[in-house]
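Try each task before reading its solution.

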Amino acid sequence: MSSVEETELSEIVDLPLIGSAEQYLFSVEDNRERADKLKELLVPKLKIIIKQACDQIHQVYGTDVLSDCRITTTPAHRSGAKKTKPFKIASAGLTIKGTWYFQLRFECTSDSLFVNFFGLRGLEGNPIVQVLKKHLKDVTQIWEQGEYEVYSETIAPKEDENLEYDEFINKLQLVPERDGKGTYIQSPSLVLPIKDLDAAQPVIDNFVELFAIFRAAINVYLGEEDRFEEYLKCLRDWQNPLFEKYLKCLLDWQNPLQVQESVTTTRFFPDEVDAVQTFREGAVRQVSVNAYEREPKARQKCIDYYGSSCFICDFDFGRAFGKLGKGFIHVHHLRPLSEIAEEYEIDPIKDLRPICPNCHAMIHRRSPPFSLEEIKMLLKSARGSTI
């Protein structure tokens, strides 16, 4: 990894953030030219995300938690150098004061944006590793909720393939400084291009989530109490209202619907809305859910094949709400109910798609329903960004 340059947040460029011009920079063949252009055009835009994240960190954890951090950027190189290494990643992030190889940062490749948190310093035990081992249960919960990927050079490459998070942490070693073994935590990535801060918000939230571990490790590095429990409480207090707000929206949308079941079952999947029905003002609304929509096996096969993220907007309840939301999703039938006969045999892969409640509601805002492609285009137009 190259050296880093300390930067200021005063020179912030305008949006859009990361588009075709920035992606093109990664294809420049000349290493020095690529590094110069990435530093000139892309890194300042990553600083926009850093500033947004720092503002959010102050809101969540307080205004004093960044006092021992500095902002760094890569790629960087001495102006008088004749050549430089080929840069495949541009980044901006926070580092512990006095050492650049203990960082929490945003990284941008030719096709994605994500958060990478890592430490290479031994100190007779990497400060990150010390925090992970001491707070195993809570750290594991954060990782599971965010579906983070973890890697350590202290664990053999094939040894960590099937390890659960807690098993992974237990295998981490507190190595001497001279060994320089690294431990890395990486967030799920967003696919480029990203043209506004709202589109980058999930990655910013990942940054804020991992900050609790990062800040605790800083305290260990400085010889202080890690205060992880304090940071965790701040994180939970911040997350809970978000969860409650979204849950209330979901319940408000579902509660007016009095479900009239057409088959006996122990579980209701609020999947298919019959938009053909009409209702009097003030009347109790009814939603009929056909047997083939309710068939758990067909529904599960659809989710097994496509995953539980929304096929339109990629929203994932597990990512947003942790274990409570893991695997939860509506399943939408591509053919309107009115076109399907009773003897119709459903094909879970061909006929069904996983759709979040918001997109599902928008699909049925008209009769006949919007197609998935139409909703994608409406969402793209509203966001001014590629889905």
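## Exercise 1: A pair within one helix

Phenylalanine 317 and phenylalanine 321 sit four residues apart in helix H10 (residues 317–321), so about one helical turn separates them. This is a predicted model.

Solution, step by step:
- Start with the general rule: an α-helix has 3.6 residues a turn, so residues three or four places apart point the same way.
- Finally, check accessibility, where buried means under 20% relative accessible area.

## Exercise 2: A pair across the chain

Task: classify the ring pair of phenylalanine 117 and phenylalanine 214, and say which elements the pair links.

Solution, step by step:
- The structure holds 15 aromatic pairs. In this one, the ring centres lie 5.6 Å apart with the planes at 80 degrees, so the pair is edge-to-face; the cut-off for that class is over 60 degrees.
- Phenylalanine 117 belongs to strand S5 (residues 112–119) and phenylalanine 214 to helix H6; 97 residues apart, they link distant parts of the chain.
- Phenylalanine 117 is buried at a relative accessible area of 0%, and phenylalanine 214 is buried at 0% as well.
- Now widen the view: ring pairs join Phe117 and Phe214 with Tyr61, Phe102, Phe211 and Tyr231 in a cluster.

## Exercise 3: Two helices crossing

Task: describe how helix H2 (residues 31–61) crosses helix H6 (residues 197–221), and which kinds of residue make the contact.

Solution, step by step:
- The two axes come within 9 Å and cross at roughly 50 degrees, which means H2 is oblique to H6.
- The handedness of the H2 and H6 crossing is right-handed.
- Residues in the contact include Ile49, Ala53, Ile57 and Tyr61 of H2, and Ile204, Phe207, Val208 and Phe211 of H6.
- Sorted by kind, the contact of H2 with H6 has 14 nonpolar, three polar and two charged residues.

## Exercise 4: A helix and its end

Task: find which residues of helix H4 (residues 136–146) are buried.

Solution, step by step:
- The buried residues of H4 are Asp138, Val139, Thr140, Ile142, Trp143, Gln145 and Gly146.
- Step just past H4 to glutamate 147, where phi is positive, at about 55 degrees.

How values were computed
Residues numbered from 1 in each chain as written. Predicted model: local features only at pLDDT ≥ 70, side-chain atom pairs only at ≥ 80, totals over all residues. Heavy atoms only, no water. Buried < 20%, exposed > 50% of the residue type's maximum accessible area, 1.4 Å probe, protein only. Axes fitted to C-alpha atoms, helices over the stretch in contact; angles between N-to-C directions. Parallel < 35°, antiparallel > 145°, perpendicular 65-115°, else oblique. Left-handed = near helix turned anticlockwise from the far one by under 90°. Contact = heavy atoms within 4.5 Å. Nonpolar A, V, L, I, M, F, W, Y, C, P; charged D, E, K, R; others polar. Phe/Tyr/Trp six-rings, centres within 6.5 Å; stacked < 30°, edge-to-face > 60°.
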